[in-house]
Amino acid sequence: MFRTLMVLFALLSPSTQAAEPATIYPRTLLIVSDMEASKRFYGYALGLKLTRDAPIADAVTWKHLGIADTHAARIVVYDTAETLYGKPRESAVIALLQVSDPPLPRRPRAANLMAGDAVMALRTDDIDTVIARLKEIGAIFAVEPVRTPDGLIEMAVLDPDGVRMQINQRPDRE
């Protein structure tokens, strides 16, 4: 019985209990073929905040990307809003990476979604401005903006490399 109690005590002691899950902050890296077109889309049309625009020069980054350091590359980093419905939150990061000299091959753009495709989802508080700017830069709308009966406005648009973006604006919340 003593041995059983020792094992039970060991299982319940703080050092062997499951740790709290780590906090995860979302980050997305998109490989782009035309940095200037992508900057117009993410920076101007979507209104994301530019936090970095620099060449990649360190060997560690090249290794993590799995790309030979004989290429030239540039990374642009955007931060999303720091509040959601008036409450502070960790912001998500969207980074754009363009590899050139020589450029990476482009994946063919598929007409329909397929298993394994990624879809980015963003929320805005000014959908009218986003729609106007997307139209101004000639973005391709996969699904035109629609309003649901509960007031949600949503649409799907393709970025310059064909990445599908679901963008919505929820009705005001009290």
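**Figure 1. Ser-38 touches Val-32, Gly-43, Leu-96, Pro-160 and Asp-161, leaving out residues up to four places away in sequence.** A contact here means heavy atoms within 4.5 Å. The model is predicted, so local features need pLDDT of at least 70 and side-chain atom pairs count only at pLDDT 80 or more, while totals for chains, interfaces and linings use all residues. Residues are numbered from 1 along each chain as its sequence is written, and side-chain values use heavy atoms, with hydrogens and water left out. Ser-38 sits in helix 2 (residues 35-45). Helices (H or I, at least four residues) and strands (E, at least two) are DSSP runs numbered from the N terminus. Is Ser-38 buried or exposed? Its relative accessibility is 0%, which is why Ser-38 counts as buried. The cut-offs for relative accessible area are under 20% for buried, over 50% for exposed and in between for partly exposed, with a 1.4 Å probe and protein chains only.

Figure 2. Starting at the N terminus, you can follow the elements as α-β-α-β-α-β-β-β-β-β-α-β-β-β. The chain has 174 residues, and 32% of them are buried. Among contacts with a separation of 6 or more, 59% are between residues 24 or more positions apart. The mean pLDDT is 80, with 79% of the residues at 70 or more; pLDDT is the predictor's confidence in each residue, on a scale from 0 to 100. Please read residues 1-13 with care: their pLDDT is below 50, and this stretch has four contacts in the model beyond near neighbours in sequence.

Figure 3. Two strands pair if DSSP finds at least two bridges between them. Strand 1 and strand 6 run parallel over five bridges, and in strand 6 the bridge partner of Arg-27 is Val-93. Strand 3 and strand 6 are antiparallel and share eight bridges; Val-76 has Leu-96 of strand 6 as its bridge partner. Leu-96 is also among the residues that Ser-38 touches.

Figure 4. Ala-54 stands opposite Ile-75 in strand 3. How many residues of strand 3 (residues 72-79) are buried? Six of the eight are, so strand 3 is largely enclosed by the rest of the structure. Axes are lines fitted to C-alpha atoms, for helices over the stretch in contact, and angles between N-to-C directions run from 0 to 180 degrees.

**Figure 5. Another open sheet of four strands has the order 7-10-9-8, again with mixed pairing.** At the edges you will find strand 7 (119-123) and strand 8 (140-147), each pairing on one side only. The twist averages 15 degrees from one strand to the next. Helix 4 (residues 127-136) packs on this sheet and touches strand 8, strand 9 and strand 10, its direction making about 25 degrees with that of strand 9. Strand 9 (residues 153-158) and strand 10 (residues 164-169) are antiparallel and joined by six bridges. Leu-158 stands opposite Arg-164 in strand 10.

**Figure 6. Val-143 belongs to strand 8.** Its relative accessibility of 37% is why Val-143 counts as partly exposed. Apart from neighbours within four places in sequence, Val-143 is in contact with Met-155, Ala-156 and Arg-164. The C-alpha atoms of Val-143 and Ala-156 are separated by 4.8 Å, though these residues are 13 residues apart along the chain.

**Figure 7. The largest pocket holds about 980 Å³ of space.** On a 1 Å grid over the protein atoms alone, a pocket is an open set of points where a 1.4 Å probe fits, with protein on both sides within 12 Å along at least five of seven lines, and lining residues have an atom within 4 Å of a point. Points are joined across faces, edges and corners, and the volume is the space filled by probe spheres set on them. The lining has 30 residues, with Arg-107, Pro-108, Asp-161, Gly-162 and Val-163 nearest the centre of the pocket. Strand 1 (27-31) and strand 6 (93-100) each supply at least two lining residues, and strand 1 gives the most, with four.
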